[in-house]
Amino acid sequence: MALASTEAPEVVAATSIDDAVSAFGDGEGVTVLAGGTILMVDLVHGRLAPERVLMLDKAQMAGVRTEGGRITIGAMTRVAELEDSVEPLATVARGVADPEIRAQATVGGNLCATPGAESPRGDLQAAFIALGAQVRSVGPGGERTEPVEDLLAAGPEGRLVLDVSFEPPQAGASAEVRRPHAHAYTILSVCGAIGVAGTRLAASGAGPRSVRLTSVEEALASGADAAAAAARALDDVSPADDALASAWYREQTLPVLVTRVLNDLG
Amino acid sequence: MRLTVNGTPRELVSPPLTSLLAVLREELGVTSPKAGCQQGGCGACTVLIDGEPRRACLTPLAAVDGAAITTVEGLGDPTNLSPVQAAFDEHYAAQCGFCTSGFLMASHALIERGGGTSREDVIEALSGHVCRCTGYVKIVEAVNAAANGDVHAEETQADMGPQGEENISLIPGSPA
């Protein structure tokens, strides 16, 4: 089998954040290359023929810093760097693929991952949502900062993510169902965290992108116990059948995972 | 674009988004890294980029401009095997050999950073590498042995090459 090489696209290597922002412009006709673990597969197999590729690995957009009690993670931070972060982020990060992939894949790429044709992608999304993380991005309309779940609901297409930030939680937990494989793909995962605003929960794998489980949160706030609140999770999701599992299976396991997370959070 | 491959500086003509795997195999004739799944899931393409194990099939050439790439061809040769290569031979850790290149590079890097001395350490560090032949037990054994300095290279050397013949001149870049 011939290995496809790609020709024609213009490749721009940004050397600073400002350079990246300016090269991205309004995102029209620009394909962002962060870690490459998702994009390169599409490029090599000829599924994408971008006109202009913006490479970010030299744009100084990586790094984790703590300032005034807030943790800020640059979009080009490799997933491996989060393995010692707070829960639920650390456990979720450790579960992504394998060490070589984690060393190459980026936070920004994981956040913006297009839903996979065969299986969900973007495991970090639910952890960030549970942490109440804010994401800073540029694109049409300029720079904006918003909750991660809002960016995902609107669609991160056309945005260049710069960083994600959150306050460390009082407690964090996660529970997942995985499909044993070379990479143990996550069929479904639930992340939870207790912060200043109370308990937040999110699910990954129950839809094209991760979603916040607001119905569960509301049930908890009005005094429901863990099991009753967990049952409300089905109101927040629209799982689909895919190569890993059926929608039915996800609907059966989602409340179980939510209950486990709530019990672990205490 | 420029790369140093196994110590030799090379000028490349492949387009910037060509995968490092295609550059190594097709432009440079360095064929030890293998095209397995071609989507980053199997580890057969793993090479060292500035000493770190990475999937060559997922790495665009433009991302490694100026980097030092190490492949099996740079680890050792039949007359002078690296410890991890000798250990793989001694412990019969290769059958068809397709996954072996990736395992060797990742194992070498693991040992270089002081790891690989326990089974747990090896299966965690090498969790991205698939083998369809061996069932992994002998691979883990071999990596443990190499990491613990328990390698008998002189016994392995005797196996290399056809019996009773002079060393064959190998095509540069071809695997042993």
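Two strands pair if DSSP finds at least two bridges between them. By that rule, strand 3 (residues 46-49) and strand 4 of chain B pair in the antiparallel sense, over four bridges. Helices (H or I, at least four residues) and strands (E, at least two) are DSSP runs, numbered from the N terminus.

This is a predicted model, in which local features need pLDDT of at least 70, side-chain atom pairs count only at pLDDT 80 or more, and totals for chains, interfaces and linings use all residues. Residues are numbered from 1 along each chain as its sequence is written, chains are lettered from A and ligands numbered from 1 in the order in which they are written, and side-chain values use heavy atoms, with hydrogens and water left out.

## Chain B and its sheet

Chain B has six helices and five strands. From the N terminus, its elements run β-β-α-β-β-β-α-α-α-α-α. The five strands form an open sheet with mixed pairing, in the order 2-1-5-3-4. Strand 2 (8-11) and strand 4 (52-55) of chain B are the edges, and each pairs on one side only. From one strand to the next, the twist averages 40°. Angles run from 0 to 180 degrees between N-to-C directions, and axes are lines fitted to C-alpha atoms, for helices over the stretch in contact.

Within strand 4 of chain B, B:Arg55 is the bridge partner of B:Thr46. Helix 3 (residues 100-112) of chain B packs on the sheet and touches strand 3, strand 4 and strand 5 (68-70) of chain B. The direction of this helix makes about 35° with that of strand 3 of chain B. Contact means heavy atoms within 4.5 Å.

Chain B has 176 residues, and 47% of them are buried. Buried means under 20% relative accessible area, exposed over 50%, and partly exposed in between (1.4 Å probe, protein chains only). Among contacts in chain B between residues at least 6 apart in sequence, 61% join residues at least 24 apart.

## Nonpolar cores

A nonpolar core is a set of buried Ala, Val, Leu, Ile, Met, Phe, Trp, Tyr and Cys residues joined through side-chain atoms within 4.5 Å. The largest one has 74 residues. Those with the most contacts inside it are A:Leu89, A:Leu124, A:Phe128, A:Val148, B:Leu3, B:Leu20 and B:Ile69. Helix 6 (residues 124-130) of chain A gives the largest share of this core, six residues. Apart from it lies another core, of 25 residues, including A:Ala206, A:Ala230, A:Ala245 and A:Leu265.

Not counting residues up to four places away in sequence, B:Leu3 touches residues including B:Leu12, B:Leu20, B:Val23, B:Leu61 and B:Ile69.

## The interface

Chain B gives 30 residues to the contact and chain A gives 29 residues. Together the chains bury about 2,300 Å², 59% of it on carbon and sulfur atoms. Buried area is the accessible area (1.4 Å probe) that two parts lose on being put together, summed over both. On the chain B side, B:Leu17, B:Gln38 and B:Leu58 lose the most area to chain A, together 32% of what that side buries.

Three salt bridges run between chain B and chain A. A salt bridge is a side-chain nitrogen of Lys or Arg within 4 Å of a carboxyl oxygen of Asp or Glu. One case is B:Arg55 with A:Asp98. B:Arg55 lies in strand 4 of chain B and A:Asp98 in the loop between helix 3 (89-94) and helix 4 (99-104) of chain A, so the pair joins two chains. B:Arg55 is buried, at 0% relative accessibility. A:Asp98 is buried too, at 1%.

## Salt bridges

Over all chains, the count comes to 20 salt bridges. Some of them are listed here.

| Pair | Closest N to O distance |
|---|---|
| A:Arg65 and A:Glu67 | 2.7 Å |
| B:Arg55 and A:Asp98 | 2.8 Å |

A:Arg65 is partly exposed, with a relative accessible area of 45%. A:Glu67 is exposed, at 51%. A:Asp242 is partly exposed at 23% relative accessibility, whereas A:Arg250 is buried at 2%. A:Glu149, A:Arg200, A:Arg212 and A:Glu217 are linked in a salt-bridge network.

## A loop residue

A:Asp241 lies in the loop between helix 9 (226-231) and helix 10 (247-265) of chain A. A:Asp241 is exposed, with a relative accessible area of 59%. Leaving aside neighbours within four places in sequence, A:Asp241 is in contact with A:Ser246, A:Ala247 and A:Trp248. Its C-alpha atom is 9.7 Å from that of A:Ala206, 35 residues apart along the chain.
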